[in-house]
Amino acid sequence: MKTLAPLLEFLSIPSVSTDPAHREDVRKAARWLAAKLQALGFRTELHETPLHPILYAERLLDPKAPTVLVYGHYDVQPPDPLELWESPPFSPTLRDGRIYARGASDDKGQLWAHVAALEDLPARVNVKFLVEGEEEIGSPNLLPFVRAHREKLKADVVLISDGAMFAPHTPTLTYGLRGLCYLEVRLKGARRDLHSGAFGGVAPNPIQALGWLLAKLKDEKTGKVRIPGFYQRVRPVSEEERRLWPPLDEAALKAELGVEVLPGEEGYSPLERLWTRPTLDPNGIWGGYQGEGSKTVIPAEAGMKLSMRLVPDQDPEEVAALAEAYLKEVCPPGYRLEVLRLHGGKPVLTDPHSPPMRLMAKALEEVWGRPPVYAREGGTIPVVAELQEALGAPVVLLGLGLPDDNLHAPNEKLDLVNLERGIAAIRRFYELLAGG
């Protein structure tokens with residue numbers, strides 16, 4: 001595949017947006033992509049932000065032709081833990097028809113499919129690219145950019161590939177994304193770490209208090225979140241929508257996860273819990289001594305990180321306020337509690353029957369030899385809701401990854417067959433769009 005060599009080069013750039021040590025690498029990735037688009041006839045602009053630059057590019061061939069805005073991100077997650085990678089995360093490796101590297105699926109590989117599809121494209125379609133370097137840290141600077149540049153970004157269709165297919169060999173059109181509310185909770189006890197023998201029995205222990213707080217966030221039997229008002233704005237799912245969904249192989253999912261049960265909110269199927277129900281999960285917990293051996297210490301501070309995945313019509317800021325109020329209410333006496341709002345994103349629903357979705361469905365069926373399935377996705381792409389609101393254009397979410405691509409984990413990969421077919425489907429979509 002001739003498009004593979006530049007992708008390997010792209011993946012070798014360690015553009016980790018959350019790590020200040022990689023700030024220049026993030027910029028390098030933006031410049032690299034800008035150069036590739038310039039070679040395809042695009043006019044490019046790098047817009048500076050307080051963190052990482054936003055790349056805007058446009059190739060406007062005909063004012064009467066349809067215009068597509070492609071969104072993606074060139075930043076990646078940290079590769080840790082490095083010892084679990086079978087090959088170095090920024091030395092892309094081909095094994096068994098797959099490419100292994102950090103960013104292979106999320107999102108450099110999928111973004112590259114959109115660039116590669118434009119090479120020698122005969123269809124007269126205007127194309128714009130909006131590519132950021134901060135998606136993995138919540139897109140703090142992209143959302144204001146979208147609001148300030150609505151006219152520049154104006155398009156007839158928004159096209160995004162930053163997700164997964166429902167299953168292998170199953171072309172998928174995603175019409176819904178969950179939102180996100182991400183918090184860090186800090187608990188402080190005494191003013192310094194204390195000897196557990198000298199002060200055990202009288203000193204507050206933030207780790208213990210953290211355990212009590214965690215236990216009060218979700219009901220052990222029903223799996224429901226206990227924060228008052230958490231479910232108040234959850235939009236019910238219609239039977240018409242349920243009929244769009246493909247069946248879920250629960251046994252296969254258990255096997256993939258290596259578990260015997262699929263815990264979650266009582267009264268809802270696993271697919272409903274994955275797509276249409278909000279969740280709360282602790283993503284990290286810290287406090288006290290973490291090294292080898294023992295250290296009998298009562299820590300002065302402990303903390304945890306919480307992610308809440310949201311569904312229409314929940315609002316991240318409202319949910320953050322509800323969570324903070326509840327945590328302060330149930331926090332035991334003797335502790336100082338602080339809640340930090342790290343980042344968030346609104347949930348999204350698009351029209352699965354819009355004209356651009358129908359055209360992409362036709363393109364996928366021609367390339368894959370079978371019609372696509374329609375799915376929601378549990379993850380979050382913060383800018384989608386903003387683009388939907390600011391531009392008023394239909395959104396097409398075309399995932400080219402798979403559920404086992406190890407996003408945010410060691411040994412991230414992308415199946416080459418999905419990359420190749422994805423490029424072909426995107427090219428065919430442009431041809432159909434140009435043909436009216």
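Asp 107 lies in the loop between strand S5 (98-100) and helix H3 (108-116); helices (H or I, at least four residues) and strands (E, at least two) are DSSP runs, numbered from the N terminus. The model is predicted, so that local features need pLDDT of at least 70 and side-chain atom pairs count only at pLDDT 80 or more, while totals for chains, interfaces and linings use all residues. Residues are numbered from 1 along each chain as its sequence is written, and side-chain values use heavy atoms, with hydrogens and water left out.

The peptide bond that leads from Asp 106 into Asp 107 is cis, with omega near 0°. A cis peptide bond is also found from Pro 312 to Asp 313, where omega is near 10°. Asp 313 belongs to the loop between S13 and helix H11 (316-330).

For Asp 96, which is not a glycine, phi is about 55°. Asp 96 sits in the loop between strand S4 (93-95) and S5. Its relative accessibility is 74%, so Asp 96 counts as exposed (buried means under 20% relative accessible area, exposed over 50%, partly exposed in between, with a 1.4 Å probe and protein chains only). His 169, likewise a residue other than glycine, has a positive phi near 60°. The loop that holds His 169 runs between strand S7 (157-160) and strand S8 (172-177). With a relative accessible area of 52%, His 169 is exposed.

Four strands form an open sheet in the order S11-S13-S9-S14, with antiparallel pairing; two strands pair if DSSP finds at least two bridges between them. Strands S11 (279-287) and S14 (336-345) stand at the edges with a single partner strand each, so one side of each has no neighbour in the sheet. On average, neighbouring strands of this sheet are turned by 15° against each other, direction ignored. Axes are lines fitted to C-alpha atoms, for helices over the stretch in contact, and angles run from 0 to 180 degrees between N-to-C directions.

Within the sheet, strand S9 (residues 179-188) and strand S13 (residues 301-310) pair in the antiparallel sense over 10 bridges. Lys 188 has Glu 301 in S13 as its bridge partner. Helix H7 (residues 206-217) packs on the sheet and touches S9, S11, S13 and S14, contact meaning heavy atoms within 4.5 Å. The direction of H7 makes about 20° with that of S13.
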